[in-house]
Amino acid sequence: MSDQDLIRAAFAGEVELAKARDAVMETIGRLDRGEVRVAEKAAGEWHVNEWVKEAILVYFQLTGMEEMDGGAVVWHDKIPTKRNLAEAQVRVVPPGVVRYGAYCEPGVIVMPGYVNIGAYVGSGTMVDTWATVGSCAQIGRGVHLSGGVGIGGVLEPPGARPVIIEDGAFIGSRCIVVEGVVVQEGAVLGANTTITASTRIIDVRGETPTEYRGVVPANSVVIPGMRPRDFPAGEYGIPCALIIGERTASTDRKTSLNEALRTFGVQV
């Protein structure tokens, strides 16, 4: 039986967990080294590797709580923090934490933020102060997660798509992106924008609105908005997100980003 089949059988309760231990430990090690991923993009679509998420869930059952010493800082958990950061060419600023089983490509910077197990973070990405990358989230290359950003974890059910932030996206301060939302390449979310699977993302640039859910289109500039809704007690505004512009094509992403922010007055 292959490691993948053994993990799936253990998750389903068809074999004893102990029999899958070696397969699970090897898979988590491969996750940590970036050799496997929770989700991958092929032919323009993201696909979830369910068995990898199942390995993480079984890993939690196989490991026990232990005290971990980080010098003056002590943890009590089932999963250690990531090691060999210098060799991996990843900068982690105290007290930032990357958990074992997460992978950061060379050139990632983690300020005092957090990257959880199963996550993948691409090179040149900044995880700024108090930003969190939830379990299994897939963060592309050259992404900026500003201070206080919350990228939600999606570990269960195993088939559920994780949150995905594609290459070159800019996520403004205190934004929240959860429930398997995909922020496509080059998109900009203004400060305090919240995107869930049910959030209406409304393109207001034309004469009539165009709505999206679960996907922020590539290169779009998005800000928080409100839309009216009738309730028994009267009409009130409920949150939405508004597409107010689009980043221009440029060989220099920084120039393009600055132009977008200046043109549309987006707070970040």
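Analyst: The buried residues of α1 pack against α2 and α3, where contact means heavy atoms within 4.5 Å. Helices here are DSSP runs of H or I with at least four residues, numbered from the N terminus. The model is predicted: local features need pLDDT of at least 70 and side-chain atom pairs count only at pLDDT 80 or more, whereas totals for chains, interfaces and linings use all residues. Residues are numbered from 1 along each chain as its sequence is written, and side-chain values use heavy atoms, with hydrogens and water left out.

Helix α1 spans residues 3-11, and its buried residues are Leu6, Ile7, Ala9 and Ala10; buried means under 20% relative accessible area (1.4 Å probe, protein chains only). Viewed down the axis of α1, these residues fall within an arc of 165°, so they line one face of the helix. The arc is taken from the directions from the helix axis to the C-beta atoms. After α1 comes Gly13, with a positive phi near 80°.

Helices α2 (residues 21-33) and α3 (residues 50-62) pack against each other at about 115°, their axes 9 Å apart. Axes are lines fitted to C-alpha atoms over the stretch in contact, and angles run from 0 to 180 degrees between N-to-C directions. On the α2 side, the contact includes Val24, Ile28 and Leu31; on the α3 side, it includes Trp51, Ile56 and Tyr59. By class, this contact has eleven nonpolar, one polar and two charged residues, with Ala, Val, Leu, Ile, Met, Phe, Trp, Tyr, Cys and Pro counted as nonpolar, Asp, Glu, Lys and Arg as charged, and the others, Gly among them, as polar.

Key:
Helix = DSSP H or I, 4+ residues; strand = E, 2+ residues; numbered from the N terminus. Buried < 20%, exposed > 50% of the residue type's maximum accessible area, 1.4 Å probe, protein only.
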